[in-house]
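The sequence and structure come next.

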Amino acid sequence: GSHLRNDTRAAMSTRRDLANAVLLVLASAPAMLAYVAVLRGCDWDTAKRAGGVPTWPMPTHSSTLWCAWSHEHPFWLANLLFLVFISLFFWLISLVQGSTWLIDPYWTFIPILLAAFYRHHPGAEARDEPRAIVAVSLLLLWSVRLTHSYFRREGWMLGEREDWRFEEMRKKHSQHWWWMSFFAAYFSQQIMLVGICMPLYAVHFASQRTWTLLDTTATILCLAGIAIAYVADTQLHRFVKNNERLAASRQKKMPVLNTGIWKYSRHPNYLGEQLYWWGMGLFAVGVGWTFALWGAAFNSLVLAVVTVMVEKKMLQRKYRREAFKEYQRCTSVWIPWFPKPPLPTRAKGE
């Protein structure tokens, strides 16, 4: 009987993974098809003349106006497509499935979609400049790392669980979560994703300058961020798996990961992400778009809030509470630094 139940659960899990894999692949298709329709449905030469405003009288045909707007405002076109075909569409899927899991793996794909959008827009006159090519190449490397980390963390299963923060919000706001989830899980992340990808917009559309030391620094920061995040996630994954083995054999679990890179920073994975996106932001600074750093700044603010949430959650577990308090006392939050020495232990009777 138990074998039959296990086989049934395994079969159901396989079918769910297969269905979610198909959903993962096809979910972005409407956004891509909509953009292809825009690209193929517009006469871009006419749109450029209309969008430049000097022609008079202004065109009145709605399709011409739409194409002119799309040509002159690629950033807002990207936001419009994102809102309709990612934020709204994924939100509707979550209402059907009862889970927001889909937005998590798409965190690794959406920046790629945005980069492809900017790169193929007819107004992207700098697409073949070295700065744009290097930025997109670094983005691909970042995406591969984060995709591997996500699927490894999830045990190579799809839709098994949703982000614990959204799960807690769902329980806390059960009656209103159906509409709150749109803003908490989708629209807010649209702002963040579009924001951190602003440098990709800059390197494709801004007036280009020659490659400078700033661009080299940006490249080094991005590579360092990817490397640090990979090492941190790998060490964390090994720690979690080791604790699972200890729990399975009814041994005491390790309360805190304080070895490797985690000896010098309590959140080195967050540090790696910060370095990458601030490095990407320097590419925008290199073409004079310093304001594009707002996305990296907003991302840092969000990660600061998440850091507090994660540490509060760590302190909720009784078996690790004291050890984590000591870890907090000794170890830097983000910036790696030498840990403080442990407090001297008092001898009995003192």
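## Disulfide

The count comes to one disulfide, taken as a pair of cysteine sulfur atoms within 2.5 Å. The bond joins cysteine 42 to cysteine 67, with an S to S distance of 1.9 Å. At -85° about the S-S bond, this link of cysteine 42 and cysteine 67 is left-handed. The pair links distant parts of the chain, 25 residues apart: cysteine 42 is in the loop between α2 (29–41) and α3 (44–51), and cysteine 67 is in helix α4 (residues 62–72). Helices are DSSP runs (H or I, at least four residues), numbered from the N terminus.

Cysteine 42 and cysteine 67 are both buried, where buried means under 20% relative accessible area, exposed over 50% and partly exposed in between (1.4 Å probe, protein chains only).

## Basis of the model

This is a predicted model: local features need pLDDT of at least 70, side-chain atom pairs count only at pLDDT 80 or more, and totals for chains, interfaces and linings use all residues. Residues are numbered from 1 along each chain as its sequence is written, and side-chain values use heavy atoms, with hydrogens and water left out.

## Other cysteines

The sulfur of cysteine 222 has its closest cysteine sulfur in cysteine 197, 12 Å away, which is too far for a bond. Cysteine 222 is buried, at a relative accessible area of 0%. Cysteine 330 is also buried, at 11%.

## Phenylalanine 183

Phenylalanine 183 lies in helix α10 (residues 177–196). With a relative accessible area of 45%, phenylalanine 183 is partly exposed.

Notes: Helices (H or I, at least four residues) and strands (E, at least two) are DSSP runs, numbered from the N terminus.
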